[in-house]
Amino acid sequence: MTLLLSLSMNLNNSIKKNWSWIEECQRISAGIRRRVLEHTITHGGYLSQACSSAEIFSLLYGQIMRLGRSEGPSIPLPFLGSPSKTNPKPTSGMIYNGRRDPNLDRFFLSPTHYALTLYATLIETGRLEESSLDQFNVDGSSLEMIGSEHSPGHETSGGSFGQTISQAAGVAWARRAKGDTGKVWVFLSDGECQEGQTWEAIMSMAFHKINNIKIVVDVNGQQVDGRTADVMNLEPLFDKFSSFGACTKQVDGHNLPALRKALETSHDDKPLVVLAHTLPYKGMEILKERYPHLHYVRFKDEPERDSYKQQLTRLES
Amino acid sequence: MELIKRVHANNIVKWGKTHSDVIVLSGDLTSSCEVDGFRDAFPDRFLSMGLMEQNMMGFAAGLAREGLTPMVHTFAVFMYRRALDQIEMSIAYPNLPVKIFGFLPGVTTPGGASHQAINDIAVMRSLPNMTVIETADATDVESVLELSNAVDGPVYIRMVRGEIPRLFPAKNQTILGKARILSLGSDITLLTSGICTEESLRVTDILKDRGIGVQHLHVTTLKPFDDHRVSEALAKARYGIITMENHTSIGGLGSCVAEMIAKFGIATKLIKVAINDTYLQGASRTFLMERYGIDVKALLSAIESLVGEKIDISDADLTTSRQDSFFNENQQEAL
């Protein structure tokens, strides 16, 4: 009886524990969507990317990545110039991901038009002050619309696709050589899998057995011109990554337990690639009306803007 | 003239012994870029990157972010042309200390337009944060590791390889930003770089005998280009200035000098002995230098044009330059 009771209590605790991390991720995801929508209503913007990736970001920043506390000022400094000999200490956005430490993880955002999604994530996870977003896309600010390495949460300039994954591979190789236990995380978008460099990077990681790197791909099936299937078909993406030598998993990118399980897959002497299949209008039904042209939301007229305001009201309630 | 083989090959192994931060990356051209010895001596610090130059540049940037000193080796064209965006966004923008060793400048390969780096100086010089170096002889090549190590940022090094001359005393290492003064004179100021320095030396002594004073400077650092020795030499040329380079006439040494002339308001003529805004073809170095007007004869005609008279120099007067035939051992390497 005592044993049974104890088992039952453990089970309850475990369910409770499970629910609490899921709820926490749901809270973060909802916050990401709401904040990005708020800004989109005022300025237009990259809204569908937040909808497809909110769960991925919530899991990475909320549960999975081992990051130190933010070392950045809660209100970011303005852009202090690009790195150069005469500007020896420019701000790096990586300080918002915590200190560099052999035992801590590193995060690399490749498609940096997801910057607003990342800023919102940093706010939801206590790494950035809420009012920081007042600086978003404002002249002279470091919270640029398309992030660069000075932008909070960023370590590289990823705007030219396919480049960040190679840099992260180099970082991972060096960290392994140094004996670091911390991992290297890369957020990729599916569109940039059209870049040859992405495949060069995967091939080289497999060849050099780089196994401290974990790549999550937001497979939202979208790019600027429309559906990836219509612009330049990527499928079969799973087979491609597998045959290039990555340990590849694919899951519903909005299913938090499934996504978590995939991200926690052990992957021996290979890089891990998790294909997170997502919907670009998840949690934002109104976006569906624009499908498949979702890359950047720009309102045609005021009634359309008003309909998004109503969507915000619904999210807030 | 002393000729030495595989200077970089020996030098980088020596360097590697005392610099454990150095990682050599190669794009499937390991012995062609003289890093096979490094690969064999330090297999854990050698990265075979295959034929993926874009990834190689980014990978090197990642290594540099972790405090290592990546030295990337392949033919120059496959980096400054094929992977320019990667060099810019992954390396130059963050000012990372990646050392880029670009081989086969201009006419030094019979590999044709696809292999000949004819506008690399122009391109690389235009990148913020990039330091640009061009080697000409064994002493230059022996100096580049020390020299580039002193730069806390990316460095592009235009490399000569194989059998190369020793033009400058080994003990007088090349210094960043400092041109070598090879002769003094006030009629003409001549600035040469890379293999054109060796070529120009075929005639400079004879000019002295003919009463033409040439202030001759050998330039290794193309960026930054702010050496006071150069600006002073430019200001005192009586007839004018000549630049001579194994590069197109746009954006290379000649353009560096033109910018400096303008900056200091020097009222004088400039003749660029350079590849005249054209692609080359696959052929021997000697043939290409003559065909594309960067040989000693082209230099002589530039001098005659400045002084306004014919100079009495016959072909026999010109000291014999190295004649690299198409099929000798060194050239075969290039293919």
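Helices here are DSSP runs of H or I with at least four residues, strands are runs of E with at least two, and both are numbered from the N terminus. With that settled, I will start at a loop. B:P224 sits in the loop between β12 (221-223) and α9 (228-235) of chain B. The bond joining B:K223 and B:P224 is a cis peptide, with omega about 5°.

A word on what you are looking at. This is a predicted model, in which local features need pLDDT of at least 70, side-chain atom pairs count only at pLDDT 80 or more, and totals for chains, interfaces and linings use all residues. Residues are numbered from 1 along each chain as its sequence is written, and chains are lettered from A and ligands numbered from 1 in the order in which they are written.

Chain A has a cis peptide bond too, between A:Y291 and A:P292, with omega about 5°. A:P292 is in the loop between β7 (272-277) and α9 (302-316) of chain A.

Next, backbone angles in chain B. Most residues other than glycine have a negative phi, and most peptide bonds are trans. B:R6, in the loop between β1 (3-5) and α1 (7-18) of chain B, is not a glycine but has a positive phi, near 45°. B:E34 is not a glycine either, and its phi is positive at about 60°; this residue lies in the loop between β2 (22-26) and α2 (36-41) of chain B.

Are these two buried or exposed? I count other C-beta atoms, placed from the backbone, within 10 Å of a residue's own: 20 or more is buried, 12 or fewer is exposed, and in between is partly exposed. B:R6 has 16 such neighbours, so it is partly exposed. B:E34 has 26, so it is buried.

Now the helices. In chain B, α3 (residues 53-65) and α5 (residues 84-92) pack at about 10° with axes 9 Å apart; the axes are lines fitted to C-alpha atoms over the stretch in contact, and angles run from 0 to 180 degrees between N-to-C directions. That makes the pair roughly parallel, the term for angles under 35 degrees. Contact means C-beta atoms, placed from the backbone, within 7 Å. On that basis B:Q54, B:M57, B:G58 and B:A61 of α3(B) meet B:Q86, B:I87, B:S90 and B:I91 of α5(B).

On to domains, whose bounds come from an automatic or database domain assignment. Chain B has domain 1 (3-165) and domain 2 (180-317), with centres 27 Å apart over C-alpha atoms. Domain 1 of chain B puts 24 residues into their contact and domain 2 puts in 26. On the domain 1 side, β6(B) has the largest share, four residues.

Between the chains, the contact takes 22 residues from chain A and 23 from chain B. On the chain A side, α4(A) gives the most, 11 residues.

Last, the core. A nonpolar core is a set of buried Ala, Val, Leu, Ile, Met, Phe, Trp, Tyr and Cys residues joined through C-beta atoms within 7 Å. The largest has 174 residues, and those with the most contacts inside it include A:V186, B:A60 and B:L299. Helix α2 (residues 47-64) of chain A gives the most to this core, 10 residues. Both domains of chain B contribute residues, so the core lies between them. Beyond four places in sequence, A:V186 is in contact with residues including A:F108, A:I165, A:A168 and A:I213.

How values were computed. Two residues are in contact if their C-beta atoms, placed from the backbone, lie within 7 Å. Angles under 35 degrees count as roughly parallel, over 145 as roughly antiparallel, 65 to 115 as roughly perpendicular and the rest as oblique.
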